[in-house]
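Hi everyone, thanks for coming. Please open the sequence and the structure side by side, and I'll walk you through them.

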Amino acid sequence: MIVLGINAYHGDAAAAITHDGLLVAAAEEERFNRRKHCAGFPAEAIRYCLQTAGISIGEVDHIGISRDPSAHLHKKILFAATRAAKSLTAFDRAKAPVTASKSRGIFDAVAERLANTAKVRDLRDELAKQLNVAKTALRAEFHNIEHHRAHLASSFYVSPFERAALLSIDGFGDFISTMWGVGDGNSIDVLGQVEYPHSTGIVYTATTQFLGFPHYGDEGKVMGLAPYGKPRFMAELRELIRTEEDGQFKLNLDYFRHHAEGVDMTWDDGSPVIGRIFSDEYSKLFGPPREQGAPLTEREHDIAASLQLRLEEVGFHLLNHLYEATGLTDLGLAGGVAYNSVMNGKILLNTPFRRVYVQPAAGDSGTAIGVCYQIYNGKLNRARNEVMEGAYTGPEFSDAEMRAELEQSGLQYETYSDREVTRRAAHDIAEGLVMGWFQGRMEFGPRALGNRSIVVDPRRADMKDTLNERIKKREPFRPFAPSILEECVGDYFEQTHPAPTMLMVYQIKPERRAEIPAVTHVDGSGRLQTVSRQVNPRYYQLISDFRELTGVPVVLNTSFNENEPIVCTPRHAIDCFLKTRMDVLYLGNHAVRRK
Ligand SMILES: [Fe+2]
C-alpha cells in the first residue's frame, strides 16, 4: 500500500511517501526550487517521492495533506465574528481613514484565508494540474489530517516507543498552537490543546522580530544569542505569557497584533513572509525595537536570555503536566518549537521523562511524514514497522552521475577507494582544510547530518571565523555544532541521551571545552549530533579516522550551503564549492581540491 503525505501552503512545503508502512522518501520543496522555507505546493518534492518509489501518481492508494479546513470550524467562525465585530466598533468610534484601511485589511485577510482553504479542498485538482495528469487518473482516497495530529503522528508512529506521551508545540496550524496526548500502539488520544491566539511559537517569533531578526526561521538566531545575556526581564516575559492550570498557558494579548489587527502572512511559492506580530505595547516593556542590522547591545542579549528561559519554563510546565496526566516516561516531540534544541536538551533535567524522540523534521515539513502514518497506522490500523532513526530520506546520486557533473565542470579530481576516502578526508580536516562532504541521501529537516555537510576541525578556535569569512557569512554570535561518535558522548558531554538529528543541546564537560573550542558555545554548551555506525556508516568512519589521527572523536559539522537552502544535487555542491572559498570538495569517492 502506497501513501503520499503532503505539507502545502505552509512554510517548508514537503512531501513524503511510504510503501507498506516503510518510509521510502521525504524531502522539502526548497531543496529543489532553491527558495528557502518555500511554502506553496511541493510539486518537485512529490515528483521526487514518486520517482524514488518507482510509481506514478495513479498508483498511489492514499493521499493526505496536513490541514483540515473543517477542524475546529466552530472556533474559527466564532473568533472571526468576534474580531470583525470589534473592528467595526473601532471603525465607528474613530471614523478615521487609517481605521478604514485596517478594516479592509481584515476582510482581505479573511478572503485570503478562504482562498487558501479552497486550495486545500481542491488538492485533487491541484495535484493533477501540477503533475500534468488527468484528474480521473488519480484513484487514491484523499484525506485531510488536522495539523497537530499530523505533528503528533510524526513524533510517535516512527518513534521506537510502543506507548509514549506526545507533545506538538508550534506557532499555529488549524487554529491550534499546542496539542498533547498519548500514543499507544496504533492510536493517539488527544488529552489537551491550546487554541489561537495563544502560542509559545508566536511569543518567540514576535520577540525575534522585536530583536531585529525579521525573517522566517530566524528564531534559531535568538536561541544562539540567549547565552550571551542575563535573564533580567523575567517579570516582563511572565507578563507576556502566563501559565495556567492543566498545562495551559495564555498570552497577554495587549502585546500582540495577530489576534486583533491580523498580521500579513505570505504563503505563496516563495519564502514565507510574516508581518510584525508584536504591538506597540512591547516598547513599554523593553524600549524601542532594535532595527535590523543595528549593533546588538546588552539589552538584546538579556531579552533573548529571558525569552529562552521563559520558553523553557512554559515548556516544562506543559511537560510536567503531560507526565502527570499519562504517567509515561517516554516522550515524542514535534512542532516548530521542538526545534528549540536548548529546551529539548534540558527536558531530562527538568521533567520525569527518561527517553525523548524528537521528529527530525519537527517543523511543518515533518507533517508530511505524520500524514502518511496517521493514515497508515491511525486510520487504516496497519501494523507499525518503521523507526526513523536518522533523516536520510532525500535524493542520492550514482557514481556515474557525480563523475558526469565533475567532467562537465572541467574540474580535476582524484578518486579513492571506499576505505581510503574517509582517511584522506580526515587527514584534510586535521590539516585545517574547509571540506565539503557530499555523500548518500540528502537529509530531511533543517539539519545537515553528515551527508550534505561542511566538515572542519573542531580543535581550531579560529575555525568559526574562517567558516564565517569564507562561506557562511553568519552572525558571529551563532555557534557551530559538533558531531561525535555515539560511544564517546559521555567523555565529552554532561548528558548521554542520544541526539542523532542534532536536536539536543548539552553542556560540554568543563575539562573538555578547550579541546574543541570551535564547537563550544559561550556558555559551554554544544548542539551535538551523536553518530552511530548503524545509522550513517560513512560519516561514522570519517569521524573514527579523524579520531585515529588526532585522538578527538569529534568534528565540526555545518550545513553545506552558503546562504541558500542546503545543497541537494552534485551540481549544487560544485556551484557552492566554486563560489565560496572551500578548500576541498568530496563528492562520493571523488575529491576536488582548490588550486
Ligand atoms: Fe506546525
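I'll go through the metal site, then a strand, then the aromatic rings, and then the charged pairs.

A word on the model before we start: this is a predicted model, where local features need pLDDT of at least 70, side-chain atom pairs count only at pLDDT 80 or more, and totals for chains, interfaces and linings use all residues. Residues are numbered from 1 along each chain as its sequence is written, and side-chain values use heavy atoms, with hydrogens and water left out.

Let's begin at the iron ion. Which protein residues are its donors? They are His-147 and His-151, each through NE2, plus Asp-170 and Asp-364, each through OD, and they lie 1.9 to 2.3 Å from the iron ion. A donor here is an N, O or S atom within 2.8 Å of the metal (3.2 Å for Na, K and Ca), and as water is not among the atoms, sites may look incomplete. Along the chain, the donors follow the spacing H-x3-H-x18-D-x193-D. His-151 sits in helix α6 (residues 147-156), while Asp-364 sits in the loop between β14 (355-358) and α14 (367-379), so this pair ties together parts that are 213 residues apart in sequence. When I say helix or strand, I mean DSSP runs numbered from the N terminus: H or I with at least four residues for helices, E with at least two for strands.

Why is the arrangement around the iron ion called irregular? The 4 donor atoms subtend angles of 91 to 155°, and that makes it irregular. For the rule itself, four donors count as tetrahedral if all angles lie between 85 and 135 degrees; four count as square planar and six as octahedral if opposite donors are over 155 degrees apart and all others between 65 and 115; anything else is irregular.

Are His-151 and Asp-364 buried or exposed? Both are buried. Buried means under 20% relative accessible area, exposed means over 50%, and partly exposed is in between (1.4 Å probe, protein chains only).

Now please find strand β21, residues 554-559. Of its 6 residues, 6 are buried. One side carries Val-554, Leu-556 and Thr-558, the other carries Val-555, Asn-557 and Ser-559, and both faces are covered. Strand β17 (residues 452-456) pairs with β21 in the antiparallel sense over 4 bridges, and here Ser-453 has Ser-559 as its bridge partner. Strand β18 (residues 481-485) also pairs with β21 in the antiparallel sense, over 4 bridges, with Val-554 as the bridge partner of Ile-484. Two strands pair if DSSP finds at least two bridges between them.

On to the rings. How many aromatic pairs does the structure hold? There are 18. In Phe-210 and Phe-278, the ring centres are 5.3 Å apart and the planes are at 85°, so this pair is edge-to-face. Phe-210 belongs to helix α7 (residues 200-210) and Phe-278 to the loop between β12 (273-274) and α10 (281-286), 68 residues apart. Both of these residues, Phe-210 and Phe-278, are buried. Another pair is Tyr-282 and Phe-286, with centres 5.7 Å apart and planes at 55°, so it is tilted. The cut-offs are these: rings of Phe, Tyr and Trp (its six-membered ring) pair if their centres lie within 6.5 Å, and planes under 30 degrees apart count as stacked, over 60 as edge-to-face and the rest as tilted.

Tyr-282 and Phe-286 both lie in helix α10, 4 residues apart, about one turn of the helix. Tyr-282 counts as buried at 0% relative accessibility, and Phe-286 is buried at 5%. Ring pairs also link Phe-210, Phe-233, Tyr-255, Phe-256, Phe-278, Tyr-282 and Phe-286 into a cluster.

Last, the charged pairs. A salt bridge is a side-chain nitrogen of Lys or Arg within 4 Å of a carboxyl oxygen of Asp or Glu, and the count by this rule is 35. Among them is Arg-238 with Glu-313, whose closest N and O atoms are 2.6 Å apart. Arg-238 lies in helix α9 (residues 234-240) and Glu-313 in helix α11 (residues 298-326), 75 residues apart. Arg-238 is partly exposed at 40%, and Glu-313 is partly exposed at 25%. That's my tour, thank you!
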